[in-house]
Amino acid sequence: MRAGHRPSDETLAAFATGGLDEGLALVVAAHIEADAQSRRRLRDLQSLQGGLLDAIDPVPMQAAAADVLARGAIPQPPQRPAGASDPGLPRVLRPYALGAWRPIGIRIAMRRVEVPGAEARVFLLRAGPGVTLPHHKHSGLEWTTILSGAYEHEYGRYAAGDFDEADAEHDHTPRVDPTEGCTCIAAVTGEVLFQGWLGRLLQPLVRL
């Protein structure tokens, strides 16, 4: 994997503290599952954060832990439907419900990943060899982890395991590998703004 195709330090630090939106965090987790160097960086960040906590003077709790438990004051995690354990998909997807693959263009299909309560919309995207996606830009974030195959655009080539972090400063035209095709998981916030007549035709189909 090439340097620079991993999450930024700011993104990884936010992931380590649990400060990311769950939809965005899921895409980071899919990358970390595939990339040993990012796993090591994550462990280093968690060790650093643990050291900082150790250096803070302790503050007495305002209520005893037993009293809090007795009052049922700790929120329970939402119940989630079990997701499909499809071969080839990251293990981090297993707790999440997946929609069916549906075509959104010629040799392009999308599958929703249900992440209740998340701001980001998460989906799997599969494109055939040689497909060029419509030129587009963003009003928010678009984070992508490549699961198989590869694509390239104005900012480089991204292969299996790579992480692609785009925001409103980026606009691009992804071109899928002519031999391997590409499957990826992506999370977007804001709007994906397709350019050109083909993109405008696809916009209502994609509904991002």
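1. The side chains of Arg41 and Asp9 form a salt bridge, with an N to O distance of 2.5 Å. This pair connects distant parts of the chain, since Arg41 is in helix 3 and Asp9 is in helix 1, 32 residues apart. Asp9 has a relative accessible area of 52% and is exposed, because the cut-off for exposed is over 50%. Note that the model is a predicted one.

2. How many salt bridges does a search of the whole structure find? The search finds four. One of them joins the side chains of Asp35 and Arg6, at 2.9 Å from N to O. Asp35 sits in the loop between helix 2 (22-34) and helix 3, and Arg6 in the segment before helix 1 (9-16), so this pair ties together parts 29 residues apart in sequence. Asp35 and Arg6 are both buried.

3. Another salt bridge brings together the side chains of Arg157 and Glu180, at 3.9 Å from N to O. Arg157 belongs to strand 6 (residues 156-159) and Glu180 to the loop between strand 9 (175-176) and strand 10 (182-188), so the pair ties together parts 23 residues apart in sequence. Arg157 is partly exposed, at 33% relative accessible area, whereas Glu180 counts as exposed at 52%. A network of salt bridges links Arg157, Asp177 and Glu180.

4. The aromatic pairs come next. The count is two. Trp143 and Phe163 make an edge-to-face pair, with 5.8 Å centre to centre and 65° between the planes. Trp143 is in strand 5 (residues 142-153) and Phe163 in strand 7 (residues 163-166), so the pair ties together parts that are 20 residues apart in sequence. Trp143 is buried, with a relative accessible area of 4%, and Phe163 is buried at 2%.

5. Are the rings of Tyr151 and Tyr158 stacked, edge-to-face or tilted? Their centres are 5.7 Å apart and their planes stand at 35°, so the pair is tilted. Tyr151 and Tyr158 are both buried.

6. Arg43 is partly exposed, with a relative accessibility of 47%.

7. Arg107 is not a glycine, yet its phi is positive, at about 60°. Arg107 is found in the loop between strand 1 (102-105) and strand 2 (108-113).

Note on methods. Residues numbered from 1 in each chain as written. Predicted model: local features only at pLDDT ≥ 70, side-chain atom pairs only at ≥ 80, totals over all residues. Heavy atoms only, no water. Buried < 20%, exposed > 50% of the residue type's maximum accessible area, 1.4 Å probe, protein only. Phe/Tyr/Trp six-rings, centres within 6.5 Å; stacked < 30°, edge-to-face > 60°. Helix = DSSP H or I, 4+ residues; strand = E, 2+ residues; numbered from the N terminus.
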